[in-house]
Protein chains: 2
Amino acid sequence: MNPPARRTGRPRSAEADRAILDATRAALVELGWSKVSMGDVAARAGVAKTTLYRRWANKNELVVDAVAAVFDEGLELPDLGCLQADIEAVVLSFARLLALPETRTALMAVVAESTRDPALRDRIRTAIVDRQKRLVLVGRERAQERGELPREQDPETAARTADLIFDMIAGAVVHRVLVSAEPVDTEWARGFTALLLHGLAAGLTLAPSGARPPRND
Amino acid sequence: MNPPARRTGRPRSAEADRAILDATRAALVELGWSKVSMGDVAARAGVAKTTLYRRWANKNELVVDAVAAVFDEGLELPDLGCLQADIEAVVLSFARLLALPETRTALMAVVAESTRDPALRDRIRTAIVDRQKRLVLVGRERAQERGELPREQDPETAARTADLIFDMIAGAVVHRVLVSAEPVDTEWARGFTALLLHGLAAGLTLAPSGARPPRND
DNA sequence: GCAGTTACGCTACGACTCGTAGCGAAAGAG
DNA sequence: CTCTTTCGCTACGAGTCGTAGCGTAACTGC
């Protein structure tokens, strides 16, 4: 279904594909989402504007793929042998990508657009969101193998829980970086993870565990 | 400091102000962020386009004020006498406003724009974000008076903790509604609040409370 | 080698939006 | 009554969108 029947005719230039995505990313860095135009991207990529429209229906779809490429090559879940360390690491990794000028300006813009465009929403989901969510599933699996988290009997409950965890982790990082516009540093990641794991009622004041004074590094 | 010396000349029509904001909101509902134009809003409001530009520099600033008006009249923190109930209520209240078509399509769009526009970022902060954050501060104060949360000695740590809580609550709800595009119902709010209060390590399965014992080892 | 098919670069186009300028008229302040 | 500012209106240049048409380039199957 994917590569249907495209045996005949001149094949599409893979080089143009890369050039366009790279140009899109560069244009986002330099101009920001709202001032990036298809004509500008085409000029940067050294291709004709019609070549863009043969591949992507509009700016939204193009930018989604450009952003997805950034996350694809940068987001990973290290196996540090401990749930807390794993979460902290993925939080920092996610925040680092989110703080890049191109993702910073583009990700929320396409998400906003997707509220009115189901096709765009699906593209964002498959190209970006679902791949992020996989990290939560992998992380939970590891934690369960280590005995840090209980195994769930009901798969439906398990799925709901994973969705909740994902919304909490991704949502908090996105909100911190894009709305509050404050950096996600080691200290924040540590406090966030501690709260996620142990909750408010534990009486935490969220001072870094071990009660070291809140001095900077 | 605000708009101080405007004693002379024809005063601005307060009626036009309301008409423009209402028209903006209606246009957002009908067309969505990207297809709302200043000319369209002016026509809906029954005013000239130049009248809009006398009050707002561009579409972003106008939409921020229109969205802020929605949150102003709809976001509240009920005092239910219990931290868990208070959080659940404010989560549901926030999610309800966020699910409106006008906020849904506009809020993340202006946030995305604000990454390249410091003036817009300040406007969003003062008109929307800071007022939301106040709910966190009020909620914590009440919980501390009830003895549900410990009082913090260090004001700086207290501020960082409040920022963290705010990013977690607002971020999770925003992500759930706008990115995952799933509804925030009572069940989700209860699971989220339980997790926020008690954390993962308590062995919760996030099944509706009372369902099963937390098989922790 | 040749025909068929598709991609490419290029140009041009209508439709739309932006933000501004200029005008005369309207509405208050002193 | 004069001064000042806002108002509605029209018009404008600049920019963008997405499409169409053209001749050429590249690759496939016969």
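1. Asp163(A) counts as partly exposed, at 25% relative accessibility. Its salt-bridge partner is Lys133(A), with the closest N and O atoms 3.2 Å apart. Asp163(A) belongs to helix H8 of chain A and Lys133(A) to helix H7 (residues 118-146) of chain A, so the pair links parts of the chain that are 30 residues apart. Lys133(A), at 18% relative accessibility, counts as buried, because the cut-off for buried is under 20%. Please keep in mind throughout that this is a predicted model.

2. A second salt bridge in chain A joins Arg55(A) and Asp17(A), whose closest N and O atoms are 2.5 Å apart. Arg55(A) sits in helix H3 and Asp17(A) in helix H1 (residues 14-31) of chain A, so this pair ties together parts that are 38 residues apart in sequence. Arg55(A) is buried, with a relative accessible area of 17%, whereas Asp17(A) is partly exposed, with 28%.

3. In chain B, Glu141(B) forms a salt bridge with Arg151(B), the closest N and O atoms being 3.8 Å apart. Glu141(B) is in helix H7 of chain B, and Arg151(B) is in the loop between H7 and H8 of chain B, 10 residues apart. Both ends count as partly exposed: Glu141(B) has 34% relative accessibility, and Arg151(B) has a relative accessible area of 47%.

4. Over all chains the structure holds 34 salt bridges. Some are joined up: Asp79(A), Asp86(A), Arg142(A), Arg146(A) and Glu148(A) are linked in a network of salt bridges.

5. Among contacts in chain A between residues at least 6 apart in sequence, 62% join residues at least 24 apart.

6. Thr103(A) is an example of a buried residue, at 0% relative accessibility. Thr103(A) lies in helix H6 (residues 101-114) of chain A, and its side chain reaches the backbone oxygen of Leu98(A) at 3.4 Å. Leaving aside neighbours within four places in sequence, the contacts of Thr103(A) are Val67(A), Val70(A), Phe71(A), Leu97(A) and Leu98(A).

7. The backbone at Ala181 deserves a look in each chain. Phi of Ala181(A) is near 60°, a positive value in a residue other than glycine. Ala181(A) is in the loop between helix H8 (155-179) and helix H9 (186-198) of chain A, and is partly exposed, with a relative accessible area of 23%. In chain B, phi of Ala181(B) is also near 60°. Ala181(B) is found in the loop between H8 and H9 of chain B and counts as partly exposed at 23% relative accessibility.

8. Next, the interface between the protein chains. In chain B, 59 residues are in contact with 60 residues of chain A. The two chains bury about 4,900 Å² between them, 61% of it on carbon and sulfur atoms. Arg116(B), Asp167(B) and Leu200(B) supply 13% of the area that chain B buries against chain A, more than any other three residues.

9. How many salt bridges cross the interface of chain B and chain A? There are two. Arg160(B) forms a salt bridge with Glu187(A), with the closest N and O atoms 3.2 Å apart. H8(B) gives the most to the side of chain B that touches chain A, with 15 residues. The residues of that side divide into 31 nonpolar, 14 polar and 14 charged.

10. Last, the DNA. Of the 25 residues around DNA strand D, Arg7(A), Pro11(A), Gly9(B), Thr51(B) and Arg55(B) come nearest. Sugar and phosphate account for 65% of the atoms of DNA strand D that come within 4 Å of the protein. For Ala48(B), a backbone N or O atom lies 3.2 Å from a phosphate oxygen of DNA strand D.

11. Which element gives the largest share of the surface near DNA strand D? H3(B) does, with four residues. The residues of this surface divide into five nonpolar, 12 polar and eight charged.

Key
Residues numbered from 1 in each chain as written. Chains lettered and ligands numbered in written order. Predicted model: local features only at pLDDT ≥ 70, side-chain atom pairs only at ≥ 80, totals over all residues. Heavy atoms only, no water. Near = heavy atom within 4 Å. Polar contact = N/O pair within 3.5 Å; in protein donor to acceptor, adjacent residues only side chain to side chain. Helix = DSSP H or I, 4+ residues; strand = E, 2+ residues; numbered from the N terminus. Nonpolar A, V, L, I, M, F, W, Y, C, P; charged D, E, K, R; others polar. Contact = heavy atoms within 4.5 Å. Buried area = accessible area lost by both parts, 1.4 Å probe. Salt bridge = Lys/Arg side-chain N within 4 Å of Asp/Glu carboxyl O. Buried < 20%, exposed > 50% of the residue type's maximum accessible area, 1.4 Å probe, protein only.
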